[in-house]
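Here are my notes from going through this one, in the order I would look at things on screen. Please have the model open beside you as you read.

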Amino acid sequence: MCDETQTSRYSYERIVEIADFIKNRSTHRPTIGVICGSGLGGFANSIDKTDVIPYAEIPGFPVCTASGHIGKLILGKIGTVTVVAMQGRFHIFEGYSLWKCVLPVRIMKLLGVRVLLVTNAAGGLNPEFQVGDIMLIKDHINLPSFSGMNPLKGENDERWGPRFIGLNNPYDLKLRNLAREVGSELGFEDLLREGVYAINGGPSYETVAELRMLRILGVDAIGKF
């Protein structure tokens, strides 16, 4: 683990130090970041000229404890594009604070990332969806935030952005359209869906009543935070 306690938030300067450590371990300067969710860590095998850094070797970085999350940071190339991929991520059900779970995203920002792709394996609620379908998220319902659990809670450092952030368009429409175009080129158009994702704290799954409620609310898929 790391020496910071769960109640001691990382300062901007501390996150810069962690980002600098990663920069010193790799010559790659990524512009695209990828977070590989459950069962999708194999994406890293498509990255060339890689520099691999285990999370346990990065000062102040959390480690993965969830099954299937390998816990490595992969920097390298896909074609001519430089990427950084998280082979495994962190969850609040592992005991981490929300601000610690989002630490890698802030580090990616300091590494030069401008586009972030986040993947996961989710439970489908839309009866028209089939097992194995790919859903592009167009909006979400953050259930933990209803009780005040938000990764931006606490003191705000303007160097990361404003105090209040609009979420009327959190998932870039151009990127979603591009994903559809690429999916069509690959023959995946019958597998591509678009919908609303709901976030549950976990680790327990939802009850039947909870799933019915979420479906009434217009949720198409749900997963763990």
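**Notes on the fold**

1. Let's start in E5, where Leu 116 is the bridge partner of Gly 33. Strand E1 (residues 32–36) and E5 pair in the parallel sense, over four bridges; pairing here requires at least two DSSP bridges between the strands. Strands (E, at least two residues) and helices (H or I, at least four) are DSSP runs numbered from the N terminus.

2. Before going on, a word on the basis. This is a predicted model, with local features needing pLDDT of at least 70 and side-chain atom pairs counting only at pLDDT 80 or more, while totals for chains, interfaces and linings use all residues. Residues are numbered from 1 along each chain as its sequence is written, and side-chain values use heavy atoms, without hydrogens or water.

3. In E4, Val 83 is the bridge partner of Ile 32. E1 is mostly covered, with four of its five residues buried (buried is under 20% relative accessible area, exposed over 50%, partly exposed in between, with a 1.4 Å probe and protein chains only).

4. The antiparallel part of the sheet lies with E2, E3 and E4. E2 and E3 are antiparallel and share five bridges, with Leu 75 in E3 as the bridge partner of Asp 51. E3 and E4 are antiparallel too, joined by seven bridges; here Leu 75 has Val 84 in E4 as its bridge partner. The E3–E4 hairpin has two residues between its strands, and Gly 79 in the turn has a positive phi of about 65°.

5. Buried residues in H3 are Leu 103, Pro 104, Arg 106, Ile 107, Met 108 and Leu 111. Their cover includes H1, E1, E4, H2 and E5. Gly 112 follows H3 and has a positive phi, near 115°.

6. The packing of the two helices deserves a close look. Helix H1 (residues 12–25) packs against H3 at an angle of about 65°, and their axes are 9 Å apart. On the H1 side, Tyr 12, Ile 15, Val 16, Ile 18, Ala 19, Ile 22 and Lys 23 meet Leu 103, Arg 106, Ile 107, Leu 110 and Leu 111 of H3 (contact means heavy atoms within 4.5 Å).

7. Now the rings. The structure holds six aromatic pairs. In one of them, the ring centres of Phe 61 and Phe 90 are 5.7 Å apart and the planes are at 70°, so the pair is edge-to-face. Phe 61 is in the loop between E2 and strand E3 (72–78) and Phe 90 in the loop between E4 and helix H2 (98–101), so this pair ties together parts 29 residues apart in sequence. Rings of Phe, Tyr and Trp (its six-membered ring) pair with centres within 6.5 Å, and planes are stacked under 30 degrees, edge-to-face over 60 and tilted otherwise. Phe 61 counts as buried at 3% relative accessibility, as does Phe 90 at 4%. Ring pairs link Tyr 55, Phe 61, Phe 90 and Tyr 96 into a cluster.

8. Last, do visit the other sheet. Four strands in the order E6-E9-E8-E7 make up an open sheet with mixed pairing. Strand E6 (123–124) and strand E7 (134–142) are at the edges with a single partner strand each, so one side of each has no neighbour in the sheet. Strand E8 (residues 192–200) and strand E9 (residues 221–224) are parallel, over four bridges, and Gly 223 in E9 is the bridge partner of Ile 199. Helix H4 (residues 173–185) lies across E7 and E8, at about 130° to E8.

Terms used. Axes are lines fitted to C-alpha atoms, for helices over the stretch in contact, and angles run from 0 to 180 degrees between N-to-C directions.
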